[in-house]
Amino acid sequence: MNVSTNGPAGARTSLRMSMICLVTLVAWLTTFSPASAHDQLIGTDPADGSTLTEPPTAIRLTFNADVIAMGSSVAVTGPDGPVTVEAPETANHDLIVDLPELPAGHYDVAWRAVSSDGHPVDGTFAFTVAGSATPSATPTSTSPATTASPTSSSPSTASQDDGGSSPLRWIVPVVVVLVLLGAAALWRRSRTK
């Protein structure tokens with residue numbers, strides 16, 4: 001098909017072709033789904049900011065979907081420095097790391113998990129162990145230690161990789177602006193003839 005760009009008819013044809021390209025681009029953008037909805041941390045046990053009467057035996061991170069053990073890590077730092085922990089294990093939506101016996105004090109936990117879509121998510125939280133690190137021979141009360149259930153705590157500084165470094169994030173708006181400018185120029189040119 002031979003399309004002439006001379007005269008008003010050619011300008012209208014070029015304008016139509018530009019609009020078709022723009023509509024196609026917008027349709028593609030609305031169906032294109034970048035990986036920005038990564039799995040999210042929904043709770044921790046011990047809860048962020050909690051004070052425990054007994055030291056925990058494990059740290060449990062609960063996510064909204066399954067996580068992958070390979071590439072995931074949990075680092076614990078206590079009053080005496082880094083705490084040696086094994087590699088985390090997964091169970092359904094949980095990432096679990098067993099802890100050695102912890103002395104009383106403040107603990108910071110830095111975690112990194114590989115979400116089910118393969119992207120890493122990470123964050124930090126903290127808890128405090130009050131009192132002795134050795135369990136008492138007789139329990140002082142029948143209530144459990146003051147830990148919160150995984151769904152009741154909110155992670156304080158969880159961050160998700162939102163794909164912000166993707167070149168597509170910047171290229172697409174530039175292309176859209178260029179197409180719009182071209183269409184406007186063609187429309188103006190057709191109006192002046």
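**The aromatic pairs**

Modeller: Happy to! A search through the whole structure, which is a predicted model, turns up two aromatic pairs. Let us start with Phe63 and Trp111. Their ring centres lie 5.5 Å apart and their planes meet at 75°, so this pair is edge-to-face; the cut-off for that label is an angle over 60 degrees. The two partners come from distant parts of the chain, 48 residues apart: Phe63 belongs to strand 3 (residues 58-63), while Trp111 sits in strand 8 (residues 105-115). Both Phe63 and Trp111 are buried.

Now for Tyr107 and Phe127, whose rings are stacked, with 5.4 Å from centre to centre and 15° between the planes. Here the label asks for planes under 30 degrees apart. This pair, too, links distant parts of the chain, with Tyr107 in strand 8 and Phe127 in strand 9 (residues 120-129), 20 residues apart. What about their exposure? Tyr107 has a relative accessibility of 1%, so it counts as buried. Phe127 is also buried, because its relative accessible area is 0%. The cut-off for buried is under 20%.

With 46% relative accessibility, Val177 counts as partly exposed. Together with Leu178 and Leu181, Val177 forms a nonpolar patch on the surface, and the three share about 300 Å² of accessible area.

Note on methods:
Residues numbered from 1 in each chain as written. Predicted model: local features only at pLDDT ≥ 70, side-chain atom pairs only at ≥ 80, totals over all residues. Heavy atoms only, no water. Patch = residues over 30% accessible without salt bridge, like charges linked within 9 Å, V, L, I, M, F, W, Y side chains within 5 Å. Areas by Shrake-Rupley, 256 points an atom, 1.4 Å probe, with all protein chains shown as cover. Salt bridge = Lys/Arg side-chain N within 4 Å of Asp/Glu carboxyl O. Buried < 20%, exposed > 50% of the residue type's maximum accessible area, 1.4 Å probe, protein only. Phe/Tyr/Trp six-rings, centres within 6.5 Å; stacked < 30°, edge-to-face > 60°. Helix = DSSP H or I, 4+ residues; strand = E, 2+ residues; numbered from the N terminus.
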